[in-house]
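Welcome! Take a moment to look over the sequence and the model below, and then we will walk through some of its features together.

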Amino acid sequence: NTKKQLIQTTIFLILVVIIFFVARSFKTNAQNNNNGQNQEVEKEEPKPVYETQLGDIKITLTSSENLGDTLKAPSTFQKDFKTTETFIRIVIGAQNMGKQTIGQGSWDLGKLIDSEGRVFDTIGNNAYSYVPQPNPCGAALKPAFTPTACTKIYEVSKQSKNFKVEVASEGKIELLDLKLIP
């Protein structure tokens with residue numbers, strides 16, 4: 001009987017040790033799997049950027065609006081300006097956060113870039129009648145004055161989406177995201 005009990009106790013102890021190592025192995029695998037899942041969850045989309053500071057100039061997206069395929073004439077003496085694609089109007093505000101006046105031409109609103117990397121320029125002189133006058137893009141900025149508005153209109157593809165606009169100052173270029181008003 002004692003021999004039988006000794007054999008049973010030995011078998012029991014061997015089983016307990018085997019179960020312990022198997023359970024520990026499962027726990028380690030489960031933790032490794034969870035760590036992989038947590039890393040995936042932690043990857044977030046970058047948040048949109050609507051404001052930046054280039055040197056002493058703080059530039060803020062004030063508005064961005066999808067105007068459709070027609071720019072309405074501001075007076076009865078002019079015709080509507082049409083496209084087969086889409087017009088977008090962008091307004092930024094530029095403010096001097098420094099202590100000295102910043103000279104004219106030190107900042108500007110640049111090209112428009114869509115999610116496919118397509119680059120669109122402003123419609124330039126064609127937009128003269130459709131933006132506020134005077135349109136002080138690049139004007140001198142005095143310290144701590146209210147932001148100066150700059151308005152530009154772009155002609156873009158109807159297929160384009162998820163735009164970013166270039167803002168430039170002191171030889172640096174940053175991109176601001178657009179939140180289009182339909």
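What is the volume of the largest pocket?

## The largest pocket

The volume of the largest pocket is about 170 Å³. Its lining is made up of 13 residues, and those closest to the pocket centre are Gly 124, Ala 127, Tyr 128, Val 131 and Asn 135. Sorted by class, the lining holds 6 nonpolar residues, 6 polar residues and 1 charged residue. As you read on, please keep in mind that this is a predicted model.

Now let us turn to the strands. In general, the strands of a sheet pair through backbone hydrogen bonds, and they can do so in a parallel or an antiparallel way. Here, 4 strands make an open sheet, and you can trace them in the order β5-β4-β7-β8, with antiparallel pairing. At the edges are β5 (119-120) and β8 (172-177), each of which pairs on one side only.

How many bridges join β7 to β8? There are 6 bridges between β8 and strand β7, which covers residues 164-169, and the two run antiparallel. To find one of these links, look for Val 165, whose bridge partner in β8 is Leu 176.

Strand β4 spans residues 107-113, and Leu 112 is part of it. Is Leu 112 buried or exposed? Leu 112 counts as buried, because its relative accessibility is 0%. In sequence, Leu 112 and Val 167 are 55 residues apart, while in space their C-alpha atoms are 9.7 Å apart.

## Two positive phi angles

Most residues other than glycine have a negative phi. Ala 144 is not a glycine, and yet its phi is positive, at about 65°. You will find Ala 144 in the loop that runs between β5 and β6 (148-156). Its relative accessibility is 66%, so Ala 144 counts as exposed.

Asn 162 also has a positive phi, near 50°, and is likewise a residue other than glycine. Asn 162 sits in the loop between β6 and β7. With a relative accessible area of 58%, Asn 162 is exposed.

## Around the rings

Finally, here is a look at the aromatic rings. The model has 1 aromatic pair. Which residue lies over the face of Tyr 50? That residue is Lys 179, at 4.3 Å from the ring centre.

Conventions
Residues numbered from 1 in each chain as written. Predicted model: local features only at pLDDT ≥ 70, side-chain atom pairs only at ≥ 80, totals over all residues. Heavy atoms only, no water. Pairing = 2+ DSSP bridges. Buried < 20%, exposed > 50% of the residue type's maximum accessible area, 1.4 Å probe, protein only. 1 Å grid on protein atoms, 1.4 Å probe; cavity = no way out; pocket = protein on both sides within 12 Å on 5 of 7 lines; lining within 4 Å. Points joined across faces, edges and corners; volume = space filled by probe spheres on them. Nonpolar A, V, L, I, M, F, W, Y, C, P; charged D, E, K, R; others polar. Phe/Tyr/Trp six-rings, centres within 6.5 Å; stacked < 30°, edge-to-face > 60°. Lys NZ or Arg CZ within 6 Å of the ring centre and 35° of its normal.
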